[in-house]
Amino acid sequence: MNQQKAWEGEYDARRFVSFGGEAAQEVKNFARFLRRNEKVVFEDTHVLDLGSGVGKNAEYFASLGATVTGFEFANNALVEARRRALELELP
């Protein structure tokens with residue numbers, strides 16, 4: 001089984017991934033660290049989210065003002081990510 005089929009199967013079964021919720025707490029903590037300690041201004045930043053799944057972390061960085069590009073090869077996750085982005089009016 002190739003990686004794409006494996007991940008599509010995981011998003012169909014949802015054993016380890018979910019379609020709901022929000023960004024991982026670790027991602028939020030890292031963004032807070034970058035803002036406070038490294039003085040990162042997300043409004044001037046481009047974020048690349050590899051393995052972006054349904055876009056929860058990408059949505060979070062976009063809410064901070066970053067331009068975000070998500071990369072995901074599970075088609076069913078991409079469909080959900082696009083739906084979420086449209087619902088939140090994100091590019």
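Select Glu 80 to begin: this residue belongs to helix α4, which spans residues 75-87. Helices here are DSSP runs of H or I with at least four residues, strands are runs of E with at least two, and both are numbered from the N terminus. The model is predicted, so local features need pLDDT of at least 70 and side-chain atom pairs count only at pLDDT 80 or more, whereas totals for chains, interfaces and linings use all residues. Residues are numbered from 1 along each chain as its sequence is written, and side-chain values use heavy atoms, with hydrogens and water left out.

**Around Glu 80**

Glu 80 counts as buried because its relative accessibility is 12%. Buried means under 20% relative accessible area, exposed over 50%, and partly exposed in between, with a 1.4 Å probe and protein chains only. Display the side chain of Arg 83 next; the side chain of Glu 80 makes a polar contact with it at 2.7 Å. A polar contact is a pair of N or O atoms within 3.5 Å; within protein, one must be able to donate a hydrogen and the other to accept it, and residues adjacent in sequence count only if both atoms are side-chain atoms. Which residues does Glu 80 touch, not counting those up to four places away in sequence? They are Phe 19 and Val 54, where contact means heavy atoms within 4.5 Å.

**The aromatic residues**

Rings of Phe, Tyr and Trp (its six-membered ring) pair if their centres lie within 6.5 Å; planes under 30 degrees apart count as stacked, over 60 as edge-to-face and the rest as tilted. By this rule there are five aromatic pairs. One is formed by Trp 7 and Tyr 11, whose ring centres are 6.3 Å apart and whose planes stand at 40°, so this pair is tilted. Trp 7 and Tyr 11 are separated by about one helical turn because they are four residues apart in helix α1 (residues 3-13). Trp 7 is partly exposed, at a relative accessible area of 37%, whereas Tyr 11 is buried, at 7%.

Now select Tyr 60 and Phe 61. Their ring centres lie 5.9 Å apart with the planes at 65°, so the pair is edge-to-face. Tyr 60 is buried, with a relative accessible area of 17%, and Phe 61 is buried at 11% relative accessibility.

**The nonpolar cores**

A nonpolar core is a set of buried Ala, Val, Leu, Ile, Met, Phe, Trp, Tyr and Cys residues joined through side-chain atoms within 4.5 Å. For the largest core, select its 10 residues: Ala 23, Val 27, Ala 31, Leu 34, Phe 42, Val 47, Tyr 60, Phe 61, Leu 64 and Ala 66. Helices α2 (25-37) and α3 (56-63) each supply at least two residues of this core, and the largest share, three residues, comes from α2. Centre the view on Phe 42: leaving aside neighbours within four places in sequence, Phe 42 is in contact with Ala 31, Leu 34, Arg 35, Phe 61, Leu 64, Gly 65 and Ala 66. Apart from this core lies another of six residues, including Tyr 11, Val 17, Phe 19 and Ala 74.

**Two stops along the chain**

Select Lys 5 in helix α1. Lys 5 counts as exposed, at 52% relative accessibility. Lys 5 and Ala 74 are 69 residues apart along the chain, yet their C-alpha atoms are separated by 7.3 Å.

Then go to Glu 38, in the loop between α2 and β1 (46-50). Glu 38 is partly exposed, with a relative accessible area of 49%. Glu 38 and Tyr 11 are 27 residues apart in sequence and 35 Å apart in space, C-alpha to C-alpha.

**The whole model**

Finally, show the entire chain. The secondary structure comes to four helices and two strands, in the order α-α-β-α-β-α along the sequence. Buried residues make up 36% of the 91 residues. Colour by pLDDT, the predictor's confidence in each residue from 0 to 100: the average is 92, and 99% of the residues score at least 70. Confidence is lowest in α1, at a mean of 90, and highest in α2, at 97.
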